[in-house]
Amino acid sequence: MSPIVDYDRKLHLRVEAYTDGQEATFLIADDGPGMEPWMVEDINCGNFVRRKDGRVHVGIENSYRRLKYFYGEKGSLTVESELGQGTCFSVIIPIH
C-alpha cells in the first residue's frame, strides 16, 4: 500500500475570509492531490457513511453537523476538488 501523503512534497494553503454584510465566507484551499469525485459528492450531500475502503471523514463530518446544528440551512460547508489539482472548502455562516 502506498502512502496517501507525500511528506517530501510541499503543500501550499490559501485561507480567505470575507463578508457581504449578511454572511461570512471562509475559503480554505490547497494544492494537494485532490479528492475522488465520489468523496466530493458525498461531502457536499452530507453523506458520511464509512466506505468499503474504511475511509471516513470524522473532522469534516463534525464540522458539517455543527454548522447545521448552530445555523440550520443558513450555514454550509461545501468542497470543490479535482484529482491532481487540489481542494477548496467553503464555509458560510450568517452574521446575524
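The side chain of Ser 81 reaches the backbone nitrogen of Met 35 at 2.8 Å. This is a predicted model.

User: Is Ser 81 buried or exposed?
Analyst: Happy to start there! Ser 81 sits in strand S3, which spans residues 76-82. Its relative accessible area is 19%, and buried means under 20%. Therefore Ser 81 counts as buried.

User: Which backbone oxygen does the side chain of Ser 81 reach?
Analyst: Let's look at the surroundings of Ser 81. Leaving out residues up to four places away in sequence, Ser 81 touches Gly 34, Met 35, Val 40, Gly 86 and Thr 87. At 2.9 Å, its side chain reaches the backbone oxygen of Gly 86.

User: How far apart in space are Tyr 64 and Gly 75, C-alpha to C-alpha?
Analyst: Good one! Tyr 64 belongs to helix H2, residues 58-71, and is buried, with a relative accessible area of 14%. Among the residues that Tyr 64 touches are Ile 43, Phe 48 and Leu 77. Gly 75 is 11 residues from Tyr 64 in sequence, and their C-alpha atoms are apart in space by 8.9 Å.

User: What kind of aromatic pair do Tyr 69 and Phe 70 form?
Analyst: The structure holds two aromatic pairs. In the one formed by Tyr 69 and Phe 70, the centres are 5.0 Å apart and the planes are at 85 degrees. Planes over 60 degrees apart count as edge-to-face, so this pair is edge-to-face.

Conventions. Residues numbered from 1 in each chain as written. Predicted model: local features only at pLDDT ≥ 70, side-chain atom pairs only at ≥ 80, totals over all residues. Heavy atoms only, no water. Helix = DSSP H or I, 4+ residues; strand = E, 2+ residues; numbered from the N terminus. Buried < 20%, exposed > 50% of the residue type's maximum accessible area, 1.4 Å probe, protein only. Polar contact = N/O pair within 3.5 Å; in protein donor to acceptor, adjacent residues only side chain to side chain. Contact = heavy atoms within 4.5 Å. Phe/Tyr/Trp six-rings, centres within 6.5 Å; stacked < 30°, edge-to-face > 60°.
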